[in-house]
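Reader: I have this model open and would like to learn how to read it. Please take me through it feature by feature.

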Amino acid sequence: MRAASVSDYRELARRRLPKIFFEYIDGGSYAEETLRRNVADLEVIALRQRVMRDMSQLDMSVQLLGQTLSMPVGLAPVGMAGMYARRGEVQAARAAAAAGVPFCLSTVGVCSVEEVARGAQAPWFQLYMLKDRGYMRELLARAKDLGCPVLVFTVDLPTPGARYRDVRSGFTGGTRLEAALAQLRDGVTHPAWTWDVFVNGRPHTLGSVAGAVKESRRVTDFLSWIARNFDRSVTWKDLDWVRETWDGPIVVKGVLDPDDARDAVRAGAQGLVVSNHGGRQLDGVRSSISALPRIVEAVGDDLEVFMDGGVRSGLDVLKALSLGAKACFLGRAWAYALGAGGEAQVARMLATIRSELAVAMILTGCRSARAAGPELLDGLDRPSVSRPNRS
Ligand SMILES: Cc1cc2nc3c(=O)[nH]c(=O)nc-3n(C[C@H](O)[C@H](O)[C@H](O)COP(=O)(O)O)c2cc1C
C-alpha cells in the first residue's frame, strides 16, 4: 500500500512492527478516553471556506524562539524511536532537517543526543527530570555544548500512566521470561523489522541516559526504570535549577490548565506545549485542542504557545493555529511513518502535511500561517463535544 494519509502510515506500521512496539506507539492510558478526545475534538472543528481571493502567494513559514520554520510543525519527542526503525531518531531528525522543521529528541531515545547531532542536526532536546541531579546537570551541559537550540522540559510525567495495551501485549507487567518470549514471537513474525532493527540497529540502549540506566540493560526495561528514577518532587522552582546550566530558551511541555500556564510564565519559560502527552498519562482529562483557547487567552502574549495531541493532517494544523497555537507538534504521526519505513516515509509524511496545510490555507483565504486566527473557523469556533472540566 502507498500511504496517502497518517492513518495509512499507521496501518503500514501495524504490519511491520512487532506488536509490543506498535501497541506502545498506538495506545493511550486506561480506557483511552483522552486519546480519542484529542482526535475527535479536532475533527468537529469546522474551517470556514472562502473563495475567489487570489491565493497565488502563500507563506507557510513561522518564526519562533529565534528559528525560522518552513511550516508551523515540529516532531514531538517520542521515546525509543530507535526500536521502530534502525537508528530511528537519526533518520527522523534527517527528514525533519530536510523539511525545515525542528526535531525534538526524547530523553529516552535510543540514539544519544551526540549521535543525532552528528548524524543529522543538533535537535531540540527534551528533558525528563531524573532523581540523579548530578547526571541531569551533565546531560544538560552535553546538549548545550552540542548546540541544541531549545530545551523542552516535560512536566506531565512525574510517573507513567497505566497503559493497559502494554500489559496485554507483554511489553510491561510480566516476568522477564514472558517478556523475552513475547519479543521472540514478535521477532519471528516480523522478519523485516528483525533484520533492520534487531540485527542491524544496535545498540538498543537509551543512548542519552545510558550512563544512568545501570540496572536495566534492555531498552524494554525502561518503563519500570522510569517509575523508579523520575523525580516526583519536581516543582516550578526546579526551572531555576535547570537555568543554572541551560541559558537557551525553555519550553514547558504538558500544560492543560491556565493556572499552570501562568505559573510557567512566572517561572520564566519562553514557550509551552499544551499537551496531555497524547492521552498517555491522566485519562479523562480534556483534549489539547479544547484546552488551547483558554491558555492562549491567559498567557498568549507572554510566551509562545504550541500544542500537540491528535494532529493527524495539515487541516488539523490550521485549526490549531486558528485557535491561537504558534505551531503544532506531531507525535504518533511521525512514529507511525518511521515504523512504516524510516526516513523516507517520515519525509513523505511531512510533505503530505505541508500540502494539506497549503490546501487548507488556500481554501480559507489564509495567505500567511503567522496571521491565522479565529476568522478561519466557521461558527463552531470552540470544540464542543467533550468538556470534562469546568469551563
Ligand atoms: C510512543 C510515544 C512515546 C512518547 N515519548 C515521549 C517522550 O519520551 N517524551 C515526551 O515528552 N513525550 C513523549 N510522548 C508524547 C509526545 O511527545 C506528544 O506529546 C504526543 O505524542 C502528542 O500526541 P499525538 O501522538 O496524538 O500527536 C510520546 C508519545 C508517544 C506516542
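Author: Let us begin with E32, which sits in the loop between α2 and α3; helices (H or I, at least four residues) and strands (E, at least two) are DSSP runs, numbered from the N terminus. This is a predicted model, in which local features need pLDDT of at least 70, side-chain atom pairs count only at pLDDT 80 or more, and totals for chains, interfaces and linings use all residues. Residues are numbered from 1 along each chain as its sequence is written.

Reader: What is the phi of E32?

Author: Most residues other than glycine have a negative phi. E32 is not a glycine, yet its phi is positive, about 65°. H277, also not a glycine, has a positive phi of about 65° too, and it lies in the loop between β8 and α13.

Reader: Which residues does the cis peptide bond join?

Author: Most peptide bonds are trans. Here R202 and P203 are joined by a cis one, with omega about 5°. Look for P203 in the loop between α9 (191-199) and α10 (222-229).

Reader: In what order do the strands of the sheet run?

Author: Strands pair if DSSP finds at least two bridges between them. The open sheet has 8 strands, ordered β3-β10-β9-β8-β7-β6-β5-β4, and the pairing is parallel. β3 (73-75) and β4 (104-105) are at the edges with a single partner strand each, so one side of each has no neighbour in the sheet.

Reader: Which strands partner β8 and β9, and over how many bridges?

Author: β7 and β8 run parallel and are joined by 4 bridges, with V252 opposite L272 in β8. Another 4 bridges pair β8 with β9, again parallel, and there G271 faces E304 in β9. β9 then pairs in the parallel sense with β10 (residues 327-330) over 3 bridges, where M307 is opposite C328 in β10.

Reader: How enclosed is β9?

Author: 5 of the 5 residues of β9 are buried, so the strand is largely enclosed by the rest of the structure. Both its faces are covered, with E304, F306 and D308 on one side and V305 and M307 on the other.

Reader: Which residues are closest to the ligand?

Author: Being near means having a C-beta atom, placed from the backbone, within 6 Å of the molecule. The ligand is surrounded by 25 residues, the closest being A76, G79, S106, G278 and G331. α2 (19-26) and α15 (332-364) each supply at least two residues of that shell, and α15 gives the most, with 3.

Key:
A residue is buried if 20 or more other C-beta atoms lie within 10 Å of its own, exposed if 12 or fewer, and partly exposed in between; C-beta atoms are placed from the backbone.
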